[in-house]
Structure formats: C-alpha cells, structure tokens
Amino acid sequence: MRITGVTQHHAENALDGSYRPTWIPGYPQATNEAEVIEVETDNGTVGYAASPSFAGGIGYEEQLSLFLVGKDPHELGSVRRGLETFDLLGPRPWHVEMALWDIIGKDAGKPVYELLGGTNREIRAYASTGEHKGVDERLAYVEERVSEGFEAVKLRLGRDDIEDDLRVAHRVSDEFPDLTLMADANMGWKARVVDEGRTWTFSEALRVARELDALGFEWLEEPLGRHDYAGYARLREKTDIAIAGGEFTDGVHELREMLRNDALDIVQPDCSVACGLGQAKSIADEAERAGVRYTPHSWTNGLGLVANLHIASATDARWFEYPYEPPFDPGARDFLLDEPLLHDDGRVSPPDEPGLGVDIDLGDD
Ligand SMILES: [Mg+2]
C-alpha cells in the first residue's frame with residue numbers, strides 16, 4: 001500500500017457571534033478554522049487529519065507531499081522521521097499522523113482505539129469553558145451543564161487580578177458542592193495576537209494552587225510557562241493539588257522533559273498539536289509507568305477531538321475534555337464532521353467505525 005496524494009483544505013466556520021478565549025488575550029474569536037489534510041492511497045483508502053488554524057491558514061500541501069507520497073502508511077516510523085524533518089522547516093506537522101491511523105484502521109476494518117489496544121469505553125466528559133465570565137453568568141452556565149448530565153466543569157483563570165479568579169472559583173464551588181471542578185490558568189502558552197495577558201509569578205501560582213486545593217479542585221492546569229519545569233516541580237512540592245500541563249508542547253521531547261523533571265501529576269498532550277497520535281499513546285503509557293495521570297487536551301476541532309478520544313479510550317484516562325463555551329458549542333466545534341460528537345449524560349466514547357470512525361464534511365471547500 002502506498003500514499004499517492006496529499007490534499008490540503010482550509011476549512012472555516014463562522015461562529016454565531018464571537019467569544020474571547022483566555023488563551024488569545026484581548027482578541028475576540030469569530031471563526032473556527034482548520035487545515036484539513038486528506039491523504040490518498042493506491043487502494044482507494046483515504047485518511048483525514050486536521051490542525052487548528054487561523055487568519056486563512058498557511059499552505060503546505062506541496063511540502064508535505066514530498067515527505068508522504070510513495071510511503072506505505074503502515075510504516076509509521078518512516079513517516080514520523082519525515083514529519084520530524086518537516087517540523088524543522090515548516091508548521092507543526094504532528095496532526096498529519098492521525099490521517100495515517102485513519103487509513104490503517106479503515107484498511108484493517110478496525111477503529112483506531114482497537115489498534116491502540118483499547119475499547120470504546122465511556123469516559124466522563126468535563127465541560128471545558130473558554131472565557132472569563134462574571135460570577136452570575138458562570139453560575140448560569142454551570143447550572144445548564146449540570147442539567148445536561150455533566151459531573152465536572154473546568155473554569156478558566158488568568159484574569160488581571162487573581163482575586164477575581166478566586167471569587168468565581170469559590171462561588172461555583174459553594175453553589176455546586178457535588179460537582180468536580182478543574183481550573184486552567186492558561187499560563188503555559190498564549191496566542192498573542194494582541195500583546196496582552198501576563199504570566200503568573202511563582203508566588204501567584206502557589207497562592208491559587210493552595211486555595212483551589214482547599215476547595216477540593218481536581219487539578220490546576222498550566223499555572224506556569226510551559227518550559228518552567230523547575231517551577232512546576234517546586235509547585236508540586238509545595239501543594240497537594242494535582243498539577244496538569246503539556247497540551248501544546250512541540251514534539252515528544254518536551255513532554256518527556258516534563259515527566260523527567262517531575263513537573264506534572266497529569267500530562268495532557270493533544271495529538272493534533274503536540275506530538276502525533278501514536279506518540280501521544282506512548283507518552284500516556286510512559287506516564288502511567290511513572291505514576292502520572294493522562295487526560296488529553298482536545299480544544300481544536302471535531303477531528304482532533306475524536307483522535308484524542310480514541311487514544312484516551314485506550315488508556316485509563318478518568319476525564320475527557322469536552323470544549324463547550326457558546327457560541328463555541330458542539331456544532332461549531334465539530335463543523336468538520338458530518339455529525340458532532342455529542343456527550344451522553346456527561347459521558348463520551350469514540351466512534352466504532354473503522355479508522356477514526358467519522359465522515360468529514362468540508363462544506364463548499
Ligand atoms: Mg489547557
């Protein structure tokens with residue numbers, strides 16, 4: 001079996017209004033954009049991959065073709081070596097690997113989770129917010145998610161004043177004592193379209209960590225810059241709350257450094273941006289051996305979400321991120337898919353069709 005062609009599609013979906021993601025400080029996001037990579041083979045099997053994109057995207061179809069066309073998609077080692085070279089020269093290529101798993105699964109008649117040694121078990125989904133909202137608005141949001149069956153919600157921190165972060169955390173915790181709560185500080189990386197948004201000092205991160213620990217939060221995510229391994233390790237020594245991170249590292253090496261430096265209690269590689277599908281499973285396995293939990297970041301688009309869900313189903317992940325902050329709702333999030341991946345009473349499981357198990361809808365592309 002050989003790869004015969006690579007086609008790149010820029011896909012874009014206008015949201016019903018805009019929202020202000022905490023990881024793009026000071027900038028309203030009005031579209032969800034993706035670069036979709038379609039990989040064709042000589043037996044007619046086609047696989048798909050997607051990367052998050054912005055501002056109309058960057059074209060790399062021709063360059064990617066150079067590394068893929070003529071290869072057997074089953075030879076993942078060879079493909080990965082090509083992608084590592086591509087990473088030196090162009091945009092992050094890690095998402096591309098999911099297209100190969102899609103092909104391998106379709107060719108074998110097996111869903112990707114099965115190729116990874118998993119089942120399509122149900123995982124508890126947590127409703128992942130994306131904005132800084134005031135207390136009343138956030139309480140109303142949480143009420144809606146609880147009524148839909150969610151047992152967990154992740155709040156966003158990183159406002160100008162950490163007292164405002166803590167006020168919202170306290171109120172949600174007080175009003176919903178049975179709900180599992182996570183918090184994401186988004187200090188690991190930021191998309192600085194506008195030069196706003198500072199990074200916490202170590203003492204601010206420690207203050208927040210201790211306060212959320214007292215409230216019983218499940219984890220605190222990215223409280224420091226993503227390369228501050230020593231800071232992460234020190235924070236873990238000084239507090240008991242689980243510290244999470246690693247969603248947007250570049251390549252598997254950075255994730256291994258985090259594990260080697262005892263930086264994390266929970267590692268969160270997103271296979272579509274951080275390291276590729278097979279490598280994310282390897283990191284999840286390494287983490288398990290090191291006593292570190294794994295639960296992936298999944299806030300990109302429907303294809304990325306499904307790819308991460310296949311991996312999570314083949315691990316002991318206890319929670320799965322379900323991005324949900326209207327107008328970034330499941331329909332807008334999963335606009336690349338024929339049907340959005342919906343939760344069932346706060347639980348998700350991967351599709352059981354061969355490959356990634358989803359049909360792609362590229363609209364008018
Ligand atoms: Mg995060």
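Helices (H or I, at least four residues) and strands (E, at least two) are DSSP runs, numbered from the N terminus. By that numbering, aspartate 262 lies in the loop between helix 9 and strand 9 (266-267). Phi of aspartate 262 is near 50 degrees, a positive value in a residue that is not glycine. This is a predicted model, in which local features need pLDDT of at least 70, side-chain atom pairs count only at pLDDT 80 or more, and totals for chains, interfaces and linings use all residues. Residues are numbered from 1 along each chain as its sequence is written, and side-chain values use heavy atoms, with hydrogens and water left out.

Aspartate 345 sits in the loop between helix 13 and strand 12 (347-348). Aspartate 345 counts as exposed because its relative accessibility is 51%. A cis peptide bond joins proline 326 and proline 327, with omega about 10 degrees. Proline 327 is found in the loop between strand 11 and helix 13 (330-333).

Aspartate 184 is in strand 6 (residues 180-184), and glutamate 247 is in the loop between strand 8 (242-245) and helix 9 (252-260). This pair links distant parts of the chain, 63 residues apart. Aspartate 184 and glutamate 247 are both buried.

Next, the rings. Rings of Phe, Tyr and Trp (its six-membered ring) pair if their centres lie within 6.5 Å; planes under 30 degrees apart count as stacked, over 60 as edge-to-face and the rest as tilted. The count by this rule is eleven aromatic pairs. One of them, phenylalanine 150 with tyrosine 322, is tilted: 5.4 Å centre to centre, 55 degrees between the planes. Phenylalanine 150 lies in the loop between helix 5 (135-148) and strand 5 (152-156) and tyrosine 322 in strand 11 (residues 319-323), so the pair ties together parts 172 residues apart in sequence. Phenylalanine 150 and tyrosine 322 are both buried. Tryptophan 189 and phenylalanine 248 form another tilted pair, at 4.3 Å centre to centre and 50 degrees between the planes. Tryptophan 189 is in the loop between strand 6 and helix 7 (202-215), while phenylalanine 248 is in the loop between strand 8 and helix 9, 59 residues apart. Tryptophan 189 counts as buried because its relative accessible area is 16%. Elsewhere, ring pairs link Tyr19, Trp23, Trp299 and Phe328 into a cluster.

Charges meet rings too. A charge sits over a ring if NZ of Lys or CZ of Arg is within 6 Å of the ring centre and within 35 degrees of the ring normal. The charged end of arginine 124 sits over tryptophan 319, 3.9 Å from the ring centre. Arginine 145 lies over the face of tyrosine 324, at 3.9 Å from the ring centre.

On a 1 Å grid over the protein atoms alone, a cavity is a set of points where a 1.4 Å probe fits but cannot get out, and a pocket is an open set with protein on both sides within 12 Å along at least five of seven lines; lining residues have an atom within 4 Å of a point. Grid points are joined across faces, edges and corners, and a volume is the space filled by probe spheres set on the points. The largest pocket holds about 980 Å³. Of its 37 lining residues, the closest to the centre are Pro52, Ser53, Phe54, Ala191 and Phe248. The largest share of this lining, six residues, comes from strand 2. There are two cavities of 30 Å³ or more. The largest cavity has about 40 Å³ of space. Its lining takes its largest share, three residues, from helix 6. The second largest cavity has a volume of about 30 Å³. Its lining is Arg80, Leu83, Trp94, Glu97, Cys275, Gly276 and Gln279.

Terms used:
Buried < 20%, exposed > 50% of the residue type's maximum accessible area, 1.4 Å probe, protein only.
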